[in-house]
Amino acid sequence: MSKILILSLFLTIGFTSCKNSEKEVDKIEIAKSYYDNLNNSDYSGTTELFSDSLTTKEGEYITNYSKSEYVELLKWDFVFSPSHEILEIEQQDGIVKAKISKRCKRILFLHEKPFITNQIIRFQKNKIVTIETDYTNFNEKTWERNKTGLINWIDENNPELNGSINDLTESGGIKLLKAIELYENKK
């Protein structure tokens with residue numbers, strides 16, 4: 001009888017250990033799925049990973065989104081064909097920390113190189129609830145120079161595209177992409 005009790009105890013401990021390590025892997029896998037879905041412009045796959053709402057924090061800017069609001073932002077971002085490369089990823093104390101390289105047509109035009117960011121992804125019941133982003137290589141001088149040049153060129157040559165740089169809708173993204181392409185073709 002005591003052998004059965006000891007065997008049951010070992011099996012319980014073994015299953016509990018496996019279950020805990022699966023939780024560790026799951027959050028990293030959720031984060032990897034998030035970046036894969038962004039790379040594939042998959043709105044529904046991305047938002048399935050979120051809780052009912054999502055909070056983003058970039059510097060001092062904190063924004064709360066419903067799933068549908070975040071989809072609208074994704075539609076804008078997907079216009080520029082983004083690519084996210086995971087440079088580092090780890091799980092610590094129930095959160096995922098990732099170092100990401102993001103490139104897209106908008107970033108490469110305005111920043112002239114990919115953004116490198118440190119992101120912290122927080123979870124609630126295995127759903128993403130918060131994404132904090134810290135830009136490690138942002139070059140404000142380059143960004144502002146290219147942004148100002150584009151805005152001035154739009155004002156002089158294509159005024160119908162005015163405001164597209166601040167319009168975070170899909171149609172605004174399409175206009176901004178068109179402006180960038182026209183501007184680059186003039187060179």
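Predicted model: local features only at pLDDT ≥ 70, side-chain atom pairs only at ≥ 80, totals over all residues.
Okay, let's start with Asn162: setting aside neighbours within four places in sequence, this residue is in contact (heavy atoms within 4.5 Å) with Ile154 and Asp155. Asn162 sits in the loop between helix 5 (140-157) and helix 6 (170-186). Its relative accessible area is 42%, so Asn162 counts as partly exposed; the cut-offs here are buried under 20%, exposed over 50%, and partly exposed in between, with a 1.4 Å probe and protein chains only.

Numbering runs from 1 along each chain as its sequence is written, and side-chain values use heavy atoms, with hydrogens and water left out.

Now the overall picture. We have six helices and six strands, taken as DSSP runs numbered from the N terminus (H or I, at least four residues, for helices; E, at least two, for strands). From the N terminus the order is α-α-β-β-α-β-β-α-β-β-α-α. Of the 187 residues, 39% are buried. Looking at contacts with a separation of 6 or more, 52% come from residues 24 or more positions apart.

On to the core. A nonpolar core here is a set of buried Ala, Val, Leu, Ile, Met, Phe, Trp, Tyr and Cys residues joined through side-chain atoms within 4.5 Å. The largest one has 40 residues, and those touching the most other members are Tyr34, Tyr35, Tyr70, Phe80, Ile121, Ile128 and Leu150. Which helix gives the most to this core? That would be helix 1, with six residues. Take Tyr35: beyond its neighbours within four places, its contacts are His84, Ile86, Ala98, Ile100, Gln119 and Ile121.

Next, the rings. There are 12 aromatic pairs in the whole structure; rings of Phe, Tyr and Trp (its six-membered ring) pair if their centres lie within 6.5 Å, with planes under 30 degrees apart called stacked, over 60 edge-to-face and the rest tilted. Tyr34 and Phe50 make a tilted one, 6.0 Å centre to centre with 55° between the planes. That pair links distant parts of the chain, with Tyr34 in helix 1 (residues 2-39) and Phe50 in strand 1 (residues 50-58), 16 residues apart. Tyr34 is buried at 4% relative accessibility, and Phe50 is buried at 2%. Ring pairs also join Tyr34, Tyr35, Phe50, Tyr65 and Tyr70 into a cluster.

Last topic, salt bridges: a side-chain nitrogen of Lys or Arg within 4 Å of a carboxyl oxygen of Asp or Glu. The count is four. One of them joins Lys75 and Glu72 at 3.4 Å, N to O, and both residues lie in helix 3 (residues 67-78), three residues apart, about one turn. Lys102 and Asp77 form another, with the closest N and O atoms 3.1 Å apart. Why does that pair tie together parts 25 residues apart in sequence? Because Lys102 is in strand 4 (residues 95-103) and Asp77 is in helix 3. Both Lys102 and Asp77 are buried. Then there's Glu112 with Arg145, at 2.8 Å between the closest N and O atoms. Glu112 is partly exposed at 48% relative accessibility, and Arg145 is partly exposed at 45%.
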